[in-house]
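This report concerns a helix and the chain interface to which it contributes. The sequence and structure are shown first.

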Amino acid sequence: MKHLLFIALLTSSFALEADWQQPELSHNLTVFKDVIPATDFELHDMDEEKVRLSDYKGKVVLLNFWATWCPPCIREMPSMERLHQQVDADGFKVIAVNQMEDVDQVFAFTGQLEVDPTFEILFDTTSAVSRDYAVRGLPTTYLIDKDGRIRYRAVGGREFDHAEVIKIIEQLMAE
Amino acid sequence: MKKLVLGTLLAISVVMALVTGAVASETKVHKNKNTGLLTWTLNDKGFQVELIQLLPDFIRAIYAKHNFPKDEIERAASYCVFGTILKNTSDQQLSYRVADWRYQTSDGKSHPVKTKTQWLEEWRKAGVTFSWTLLPDVGEFSVGDWQQGFTTIKLPRNAEFDLIFKWQLDGVVHTGTLENIICAPESLPEM
């Protein structure tokens, strides 16, 4: 218990430090000039149920790679939830792929957030999926079209419910 | 007379532009009022580099949380570790390679910065599979992209050095220096 408190104190002191220096979250997404297929994967969710990316073929998918210890991942998460709430669920899916943590860690983390995420959280416990997607740092996010092709990328935190991002998603949904 | 006034105004604006340009590429130092820890920031030619002092106990806590062996936790904490934020502030494609970066100690000697690949190889031998937290070796940043991670320097607590880093913007290699960087102390400085 003492050890946990110690970690919590240190983490919060880093968060204080991070509050000052974290860059503002932008909304730029980079267009993939060479459209490539998104590699399919199977991971488990918070309920230990298996989920495949291909389960969502026909929907536009925002695929986000993150971890609870990553400050910009935490900062962009509320905007992902707002995006998830705003955009038509029949044609759009937000999937947050956690890196090398377990359900208990993520459950404890999401319980501390102002808004509990209602989007899909999956567990990439060996980071094998992030390697398939050439993720070098967290957070990294891909926007995948209805045909399962990667169309946009963002390295670093973003405001995902920005009007321009929503416009891009709606354009992909309308294709 | 009119020409003289215009000429003077033009000269002043040129000087102001030069001064502004010089200020834009200066290192800014920030002291956290809660912890006393220091942060250095340099924004030059489309690349912003920020180094944040991190306490050894913070490093211990991070790697303990990820079940690292005790020896590996202590080895990581023995380094001078900085939280590092890199950002593409330009409107072009930007890239960097940590292998091109050096730190220069007060004796004038230049040393390579240890890369994530080197760390991961050592961790693998110690049975560690965790592969995050360290600054990626290579970055390919589009407009608005940024990234963060730990930079590790093999120097003792409170040691001073200059970090010399390179980046490529639109095919041109640039070099920047964060001067007089100080390794974090063993524990929080007295306020």
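## Basis of the model

The model is predicted: local features need pLDDT of at least 70, side-chain atom pairs count only at pLDDT 80 or more, and totals for chains, interfaces and linings use all residues. Residues are numbered from 1 along each chain as its sequence is written, chains are lettered from A and ligands numbered from 1 in the order written, and side-chain values use heavy atoms, without hydrogens and water.

## Helix 2 of chain B

Helix 2 of chain B spans residues 56-65, and because 7 of its 10 residues are buried, the helix is largely enclosed by the rest of the structure. Buried denotes under 20% relative accessible area (1.4 Å probe, protein chains only); helices are DSSP runs of H or I with at least four residues, numbered from the N terminus. The buried set consists of P56(B), F58(B), I59(B), R60(B), A61(B), I62(B) and Y63(B). After the helix comes N67(B), with a positive phi near 60°.

## Interface of chains A and B

Contact (heavy atoms within 4.5 Å) links 36 residues of chain B with 39 residues of chain A. The buried area, meaning accessible area (1.4 Å probe) lost by two parts on being put together and summed over both, is about 3,200 Å², with 60% from carbon and sulfur atoms.

Between the chains there are 3 salt bridges, each a side-chain nitrogen of Lys or Arg within 4 Å of a carboxyl oxygen of Asp or Glu. K65(B) and E101(A) form a salt bridge through their side chains (3.6 Å, N to O). Helix 2 of chain B supplies the largest share of the side of chain B that touches chain A, 5 residues.

Key. Buried means under 20% relative accessible area, exposed over 50%, partly exposed in between (1.4 Å probe, protein chains only). Helices (H or I, at least four residues) and strands (E, at least two) are DSSP runs, numbered from the N terminus.
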